[in-house]
Amino acid sequence: MFVKVQLLKGAMCVAFYLIACVVFIKMRKNFDSKEMTNVITTNYQPITLDFSSANKINKKDVELEVEMLRMDELKGETIDYQENAALLRQMSNTCTKYNLKRIPFIKRHFLYNAKHKSLYCWIRKVASTSFTKLFSDMSNRQVSHNFYKEVDFLSPKTLENLQHYINDSAVFKLLIVRHPFQRLVSSYRDRIEDNSKYTAQSWLHAHSILYLSRPKLFRFKSSNGNILEKIFLPDKRLKVIPSFREFLEWLLRQPPEHDDVHWDRYYTHCAICDVNYNFILKLDNYTLGQINYILSKLKLDRNKIYLSTLQRTRNGLTDFNTSCKYFRNLTTDMVIRLYKRYKVDFDMFNYKPDKYLRCAKRKN
């Protein structure tokens, strides 16, 4: 009897083992089949970055930033928690909406201060000089001019360092924006129209702008001198100034990927879909409370004056009224094309083109 029982148990073990082997073999075949399908799909379909999981993580991180804003407001910080929370969520939703691909980080676009645990992405013509000076002062650098050169000293040393700071939740990450059309006008006024100084932008691009809009300038005999002598003064300042419309007609023909930093897109310049910014300051209608909040997050004394040059430029403030005057010579079609070029930035930060469409006096 005992022998029969042992034989029965042995037979059952063998049976279970055979069944397990069959199941394992089927699972392996299914797995190999799926794996091969994935390989084929990867090899023969266009390469795209799957943002489905990334966006879930991003949304989770955004909610953490929103909660931090709420806690700061409860502590007495004079910020509009609801407004800033909505803006952070809007940025994340826009990344999802357009399925934006990962943008390569450019370390020169970021300034970092280790002592104050702060990271800032500068955007030209959006108070970048004021905040670069602020970060320079935070690093105890005694600089009074040419703050654009400070980028080389204040940016992270390597891309690996930048990636570490971006992933560090203890680092305060700041972004500042303004209406894309106002920034364009401000850039044109400062870098093209103002010929009281040499600018790299006028020297690099004025020739191409005028070649497109004023071809007669380039029809001359060699005895009449070099074309550069017709366009520029001996010290490289502009002699012939392209109009704002001429500048835009040229810009709309250029690939956005090669834009100058004075008119490139926010979301690419600052890799917005890959950085969980803690606070977004909209320069169009900022408040003293928001400035004080930023100073507190930068661990600075609010009673000291740090941003005395905020929005102050050589040509004065470029607000909506000033920008509207420049848009009067545009067609509505041009404004719409310009809007499409910067549509992601418009959507991310809840800007609208409507008022500027009304500014355009010339119809199509």
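How many aromatic pairs does the structure hold? The count comes to 22 aromatic pairs, and keep in mind that this is a predicted model.

Arg141 puts its charged end over the ring of Phe153, 4.0 Å from the ring's centre, while the charged end of Lys282 sits over the ring of Tyr351, 4.3 Å from its centre.

Now for the sheet. It's an open one, made of four strands in the order S1-S2-S3-S4, with mixed pairing. Strand S1 (110-113) and strand S4 (279-282) are at the edges with a single partner strand each, so one side of each has no neighbour in the sheet. From one strand to the next, the twist averages 20 degrees.

S1 and strand S2 (residues 118-121) run antiparallel and are joined by four bridges; Tyr112, for instance, has Leu119 in S2 as its bridge partner. Two helices to look at next are H3 and H4. Helix H3 (residues 81-97) packs on the sheet, touching strand S3 (172-177) and S4, and its direction makes about 105 degrees with that of S4. Helix H4 (residues 128-138) also packs on the sheet, where it touches S1, S2, S3 and S4; the direction of H4 makes about 155 degrees with that of S2.

Note on methods: Residues numbered from 1 in each chain as written. Predicted model: local features only at pLDDT ≥ 70, side-chain atom pairs only at ≥ 80, totals over all residues. Heavy atoms only, no water. Phe/Tyr/Trp six-rings, centres within 6.5 Å; stacked < 30°, edge-to-face > 60°. Lys NZ or Arg CZ within 6 Å of the ring centre and 35° of its normal. Pairing = 2+ DSSP bridges. Axes fitted to C-alpha atoms, helices over the stretch in contact; angles between N-to-C directions. Contact = heavy atoms within 4.5 Å.
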